[in-house]
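Colleague: I have a few questions about how the terms are used here. Can we go through them one by one?

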Amino acid sequence: MTPLELVSARRGHLARLANQRGAEGERDLHLLKADWTERPRGARCRKLLSVLAEAGKPIKASAFDALILPPSVDLDDAASIAAHLDEIIFIEIKTANQARVKPDFEGFFFALTENEITASHLLGEQHRVALYNKVTGDILLTSVPDIVARAKSSTWQLSLQL
């Protein structure tokens, strides 16, 4: 096998196994679920994370992609966030676009980050994971503990940036 053939084969393998359009899938799911709010940005996100930290739940913004908010919460007002904190649901979205993923999400391969696992531990039932199959449109709202209990295999890795 030539180096070019090896690179081509590797790219084909990665295309089958990797979801290269995760952010696009997250945006698609926001459109499907009208009661979900995209993760706030800037000052609103910092305010939400600050209120969480003050409540003993210091999580990072990368631990969730969307929120289910009570109608009366104002993300511009720390007091409003604090008053409704126990009612806010934090959702991490994992997107599949491979035909091999079954309706019950069997065959779905994805990673959970340390930040997502920590948020799940600190937030409990307030942290949910939405598995979204772009091919079939199926959505499963679950949790990190349920996913781990259901996993057929797991591989731990260390991700580094130099």
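Predicted model: local features only at pLDDT ≥ 70, side-chain atom pairs only at ≥ 80, totals over all residues.

Colleague: How do you know what helix 3 should span?

Modeller: Helix 3 holds 13 residues, 42–54.

Colleague: Which residues of helix 3 are called buried?

Modeller: Buried means under 20% relative accessible area. In helix 3, Cys45, Leu48, Leu49, Val51 and Leu52 are buried.

Colleague: Why say that the buried residues line one face of helix 3?

Modeller: Viewed down the helix axis, they fall within an arc of 160 degrees, so they line one face. In general, an α-helix has 3.6 residues a turn, so residues three or four places apart point the same way.

Colleague: What covers the buried residues of helix 3, and what is exposed on its other side?

Modeller: The cover includes strand 2 (66–68), helix 4 (78–84), strand 3 (89–96) and helix 5. Exposed means over 50%. On the other side of helix 3, Arg46 and Glu54 are exposed.

Colleague: What makes up the lining of the largest pocket?

Modeller: Its residues divide into 15 nonpolar, nine polar and five charged. The largest share, four residues, comes from helix 6. The volume of the largest pocket is about 1,100 Å³. Of the 29 lining residues, Phe110, Ala111, Leu112, Ser153 and Ser154 are the closest to its centre.

Key: Residues numbered from 1 in each chain as written. Heavy atoms only, no water. 1 Å grid on protein atoms, 1.4 Å probe; cavity = no way out; pocket = protein on both sides within 12 Å on 5 of 7 lines; lining within 4 Å. Points joined across faces, edges and corners; volume = space filled by probe spheres on them. Helix = DSSP H or I, 4+ residues; strand = E, 2+ residues; numbered from the N terminus. Nonpolar A, V, L, I, M, F, W, Y, C, P; charged D, E, K, R; others polar. Expected span 1.5 Å × (residues − 1). Buried < 20%, exposed > 50% of the residue type's maximum accessible area, 1.4 Å probe, protein only. Arc of directions from axis to C-beta. Contact = heavy atoms within 4.5 Å.
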